[in-house]
Amino acid sequence: ETKHGGSKNGKKEGLSGSSFFTWFMVIALLGVWTSVAVVWFELVDYEEVLGKLGIYDADGDGDFDVEDAKVLLGNGLKERSVPEQSTSPESEETIQPDEQSFVKSEHKNVDDVELEEEIQPVLHEAVHSEPGVLKAEYLLVAEFTNDCVFSNNLYSQLGEGHEDVDESVNEQWQEKEETHGETFEAPATDDLLKELENEVTEDYETPDSFQKAVEDLPEEVHEAAEQGIFCYCDLSVLVKDADEEGEKEKNKHLIIHFYLFILTDEIIEDLEIDKKMSGKGEKETEQDKTEKAKKKKKPKLLNKFDKTIKAELDAAEKLRKKGKIEEALKAFEALVNQYPESPRARYGKAQSEDDLAEKMRSNEILQKAINTYDEVVSLPNVPSDLIKLSLKREADRQQFLGRMRSSLVTLQKLVHLFPSDTSFKNDLGVGYLLIGDNSNAKKVYEEVLRLAPNDGFAKVHYGFILKAENKIAESIPYLKEGLESGDPGTDDGRFYFHLGDALQRIGDKEAYKWYELGYQRGHFASVWQRSLYNVKGLKAQPWWTAKETGYTELVKSLEKNWKLIRDEGLAVMDKKQSLFLPEDENLREKGDWSQFTLWQQGRKNENACKGVPKTCALLERFPEATGCRRGQIKYSVMHPGTHVWPHTGPTNCRLRMHLGLVIPKEGCRIRCAQENRTWEEGKVLIFDDSFEHEVWQDAENYRLIFIVDVWHPELSAQQRRTLPAI
């Protein structure tokens with residue numbers, strides 16, 4: 001009874017003074033130790049709390065205090081005042097509030113929602129002040145993965161989409177490749193579209209949440225950027241540390257603080273901030289102005305009428321950007337029916353058809369898109385930027401369908417409408433090259449270089465044409481200066497390839513410097529292996545054995561029947577029926593080298609095989625050779641005094657077998673990479689001709705070999721069926 005607090009008579013007794021004091025001390029100590037624990041173990045993130053309050057910093061001192069509270073209580077969030085600031089980079093950083101938060105989980109959690117709710121009231125509020133000082137302030141909140149990186153010129157980076165349609169569509173839908181020595185391919189990326197189509201085609205490589213935040217920016221922000229307002233932003237990033245088990249870091253929480261300044265000449269003069277902002281002298285400032293003048297403004301895609309239906313156009317465009325292609329197409333078709341003279345609505349319809357064609361892999365739908373692009377240009381009051389986009393895209397899609405001459409007509413129309421735009425002349429030059437009309441292409445690039453002597457794109461293409469004309473020494477400065485310019489469209493493996501080749505042919509060791517640079521920039525597999533049409537991951541070595549290839553039966557058959565193959569080849573040579581044709585790829589420095597081809601790109605030459613029927617019948621048993629659509633099967637005869645320049649084949653997808661038929665005892669050799677070898681009659685040499693190789697024939701008699709190309713043994717059956725022919 002005593003233990004349970006009762007007395008002998010059953011009545012409870014009150015707490016004594018000592019018991020009350022004891023309980024008071026216990027509670028007090030618990031409070032003290034709880035406070036210590038909160039501080040010691042950082043149970044409360046005070047920096048996070050202060051960071052949230054820092055959003056409402058009104059006096060620019062970097063924290064939230066009584067003065068800030070007075071401003072907020074007196075004026076409200078929407079009427080915050082901003083103290084005058086110097087617009088130098090130093091002062092810009094001092095007016096940043098401490099708006100940092102900590103991401104507690106990999107997915108969006110309660111804290112994230114609360115933070116965004118607190119930020120929303122100031123997300124799109126303009127802070128009006130004197131011209132030249134802080135014009136507007138925006139907060140964009142989004143989650144990013146750890147490898148997300150942005151530059152300070154964030155608005156430009158986000159405002160400009162990258163529509164890499166040529167690469168993605170060509171690889172997934174319809175593959176087209178041609179040998180580097182015979183034809184010229186269109187550039188892999190469409191630089192004009194990348195510069196102009198940023199307003200309507202924004203294929204950001206950024207998370208959806210950030211893209212949405214950018215899309216939701218008020219119209220005045222986008223207009224301000226178009227009017228040349230300078231944009232500065234500060235990035236505050238916190239990353240959650242890895243846990244004890246070493247798991248990878250959680251997502252970043254990124255807060256971007258935008259500052260937009262109007263920098264007119266008068267303001268710069270009044271505030272004297274030109275040197276403060278750049279830290280450069282007058283000479284450099286003038287250079288900066290020149291560079292700024294070169295920057296293209298965002299395209300104007302709406303005429304006066306289209307501005308009145310902008311909301312409807314934007315709604316349809318949002319569907320297209322979200323990948324709802326069929327819905328977007330219906331929306332734009334409805335707009336075209338309702339407003340038949342709206343250029344922007346018709347352009348949106350063309351884009352939607354274009355997207356649908358890619359999705360469905362339909363040439364028929366793509367032709368509809370081409371027709372619609374053409375219709376845009378025929379409408380009245382079409383903005384010039386929209387004409388450029390429509391015709392440029394029309395020409396590109398025509399090239400994709402292989403209609404090179406139709407594309408050429410479209411490009412000629414562009415040049416006629418915009419004669420001062422050298423970029424369209426450059427595209428026209430490529431159009432001529434694609435149909436093999438080097439003469440007209442040369443004239444176009446000569447005109448471009450007359451108008452713009454430092455145009456790197458024109459230089460590399462003009463150098464390419466000169467080299468094709470065997471004007472080796474003349475081509476070098478154009479190729480070199482064009483590559484050194486760094487202009488869009490110049491960083492292409494073909495130009496490194498041809499510059500190095502030209503330098504090798506005049507005996508200049510600098511060739512390997514350019515090969516090395518091409519390798520470093522990802523155009524070549526190595527300095528020695530410089531083929532341009534490759535499958536990644538294939539085993540790469542200059543010389544192979546029959547066992548390594550897995551084609552031992554083919555090698556045995558060739559070596560066993562070498563005399564039969566030789567005798568049929570000699571019989572064709574003796575008949576002098578001109579079946580042996582001179583090498584036509586401009587690979588010889590000097591001498592006489594001819595070939596008699598039986599299979600080309602996996603196709604049998606029936607007429608040729610009539611001259612060597614037993615040889616062809618022998619090869620029919622080996623589909624790795626006869627079905628190799630990136631190779632040939634042929635006789636090759638080389639006469640004394642011949643030297644073949646160092647060169648590489650076009651692809652790493654094949655290996656090349658040489659069967660010796662008539663081999664002089666001395667004077668004939670071949671180098672592949674850094675190793676020389678010689679042929680033997682009745683024996684097969686196997687090498688990878690995507691590596692640099694060179695041939696000398698200094699014997700007293702001719703050399704006859706039989707060449708058999710085979711698929712690289714590591715290619716799958718699917719790849720062998722689907723790889724484009726070369």
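Me: In which helix is the place of Ala-441?

Reply: Ala-441 is in helix H22, which covers residues 438–451. Keep in mind that this is a predicted model.

Me: Why is Ala-441 called buried?

Reply: Buried means a relative accessible area under 20%. Ala-441 has a relative accessibility of 0%, so Ala-441 counts as buried.

Me: Which residues is Ala-441 in contact with, leaving aside its neighbours within four places in sequence?

Reply: Ala-441 is in contact with Gly-429, Tyr-432, Leu-433 and Ile-465. A contact here means heavy atoms within 4.5 Å. As for Asn-426, which is 15 residues from Ala-441 along the chain, the two C-alpha atoms are separated by 8.9 Å.

Me: What makes Phe-305 and Tyr-339 an edge-to-face pair?

Reply: Two values decide. Ring centres must lie within 6.5 Å for a pair, and planes over 60 degrees apart count as edge-to-face. By this rule there are 13 aromatic pairs. For Phe-305 and Tyr-339 the centres are 5.4 Å apart and the planes are at 65 degrees, so the pair is edge-to-face.

Me: Why is this pair said to tie together parts that are 34 residues apart in sequence?

Reply: Phe-305 lies in helix H14 (residues 304–308), while Tyr-339 lies in the loop between helix H16 (325–338) and helix H17 (343–360), so the pair ties together parts that are 34 residues apart in sequence.

Me: How do you know which kind of aromatic pair Tyr-515 and Phe-524 form?

Reply: The limits are again 6.5 Å between centres and 60 degrees between planes. Tyr-515 and Phe-524 are 6.3 Å apart centre to centre with 70 degrees between the planes, and the pair is edge-to-face. Both Tyr-515 and Phe-524 are buried. They belong to one aromatic cluster, together with Tyr-512 and Trp-528.

Me: What makes the charged end of Arg-669 sit over the ring of Trp-696?

Reply: For Arg, CZ has to be within 6 Å of the ring centre and within 35 degrees of the ring normal. The charged end of Arg-669 sits over the ring of Trp-696, 3.9 Å from its centre.

Me: Why is the disulfide of Cys-609 and Cys-616 called left-handed?

Reply: The torsion about its S-S bond is about -85 degrees, so the disulfide of Cys-609 and Cys-616 is left-handed.

Me: Are Cys-668 and Cys-672 buried or exposed?

Reply: The limit for buried is under 20%. Cys-668 has 7% relative accessibility and counts as buried. Cys-672 has 0% and also counts as buried.

Me: What makes strand E10 mostly covered?

Reply: Six of the six residues of strand E10 (residues 642–647) are buried.

Me: How do you know which strands E10 pairs with?

Reply: Two strands pair if there are at least two bridges between them. Strand E6 (residues 588–590) and E10 have two bridges, in the antiparallel sense. Here Lys-590 has His-643 as its bridge partner. E10 and strand E15 (residues 693–697) have four bridges, also antiparallel. There, Thr-642 has Gln-697 as its bridge partner.

Me: Which way do the residues of strand E14 point?

Reply: Val-684 and Ile-686 point one way from strand E14 (residues 684–687), Leu-685 and Phe-687 point the other way, and all are buried. In a regular strand the side chains alternate between the two faces of the sheet.

Me: Which residues have the most contacts inside the largest nonpolar core?

Reply: They are Leu-428, Tyr-445, Leu-483 and Leu-499, in a core of 52 residues. Helix H23 (residues 456–468) gives the largest share of this core, seven residues. A second, separate core has 42 residues, including Leu-570 and Val-708.

Terms used. Residues numbered from 1 in each chain as written. Predicted model: local features only at pLDDT ≥ 70, side-chain atom pairs only at ≥ 80, totals over all residues. Heavy atoms only, no water. Phe/Tyr/Trp six-rings, centres within 6.5 Å; stacked < 30°, edge-to-face > 60°. Buried < 20%, exposed > 50% of the residue type's maximum accessible area, 1.4 Å probe, protein only. Disulfide = S-S within 2.5 Å. Core = buried A, V, L, I, M, F, W, Y, C linked by side-chain atoms within 4.5 Å.
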